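Here are my notes on the model for your reading group. Keep the structure open while you go through the points.

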Amino acid sequence: ERVVACTAPMPGSEPGCMPHTTIAAMHMAGADSIYLMGGAQAIAAMAYGTETIEAVDFIAGPGNAFVAEAKKQVFGKVGIDLLAGPTETLLLCDNSVDAEITAADLLGQAE
């Protein structure tokens with residue numbers, strides 16, 4: 001088995017700037033190859049392959065509406081996890097909630 005991972009460049013930074021913590025997490029999770037690209041482009045590259053990326057058999061992971069549409073378009077060529085759209089999260093909190101944990105929960109769902 002081969003695990004391929006993709007992550008988008010960091011927004012608002014220099015072109016090609018890598019999100020080091022994300023890449024470290026991908027490596028620790030067992031990624032064999034990590035590519036600096038995201039969105040529908042990453043879905044297409046993984047599904048059909050490129051000159052430098054071998055096509056995969058299955059694509060999983062979150063994304064926005066464009067990623068969901070790209071996964072819908074490649075379904076059948078490759079397996080997909082699900083057609084999820086943007087996350088809709090609601091946290092109900094009172095003064096007993098740890099603010100750092102609450103912020104971490106929200107950041108974990110940010111797209």
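1. Start with Asp-81. Its relative accessibility is 32%, so Asp-81 counts as partly exposed. The classes are: buried, under 20% relative accessible area; exposed, over 50%; partly exposed, in between (1.4 Å probe, protein chains only). This is a predicted model: local features need pLDDT of at least 70, side-chain atom pairs count only at pLDDT 80 or more, and totals for chains, interfaces and linings use all residues. Residues are numbered from 1 along each chain as its sequence is written, and side-chain values use heavy atoms, with hydrogens and water left out.

2. Which residue forms a salt bridge with Asp-81? The partner is Lys-71, with the closest N and O atoms 2.5 Å apart. A salt bridge here is a side-chain nitrogen of Lys or Arg within 4 Å of a carboxyl oxygen of Asp or Glu. The pair links distant parts of the chain: Lys-71 sits in helix α3, and Asp-81 in the loop between β4 and α4 (99–109), 10 residues apart. A search of the whole structure finds one salt bridge. Side chains of opposite charge can pair when their charged atoms come close.

3. Is Lys-71 buried or exposed? Its relative accessible area is 3%, so Lys-71 is buried. Val-67, Ala-68, Ala-70 and Val-74 are also buried in α3. Seen down the axis of α3, the buried residues fall within an arc of 160°, so they line one face of the helix. The arc is taken from the directions from the helix axis to the C-beta atoms. Helices (H or I, at least four residues) and strands (E, at least two) are DSSP runs, numbered from the N terminus.

4. The buried residues of α3 pack against α2, β3 (58–59) and β4 (79–80). Contact means heavy atoms within 4.5 Å.

5. Check both ends of α3. At the start, a side-chain oxygen of Asn-64 comes within 2.9 Å of the backbone nitrogen of Phe-66. After the helix comes Gly-76, with a positive phi near 110°.

6. Last, look at Thr-7. Thr-7 lies in strand β1 (residues 4–7). Its relative accessible area is 11%, so Thr-7 is buried.

Methods. A polar contact is a pair of N or O atoms within 3.5 Å; within protein, one must be able to donate a hydrogen and the other to accept it, and residues adjacent in sequence count only if both atoms are side-chain atoms.
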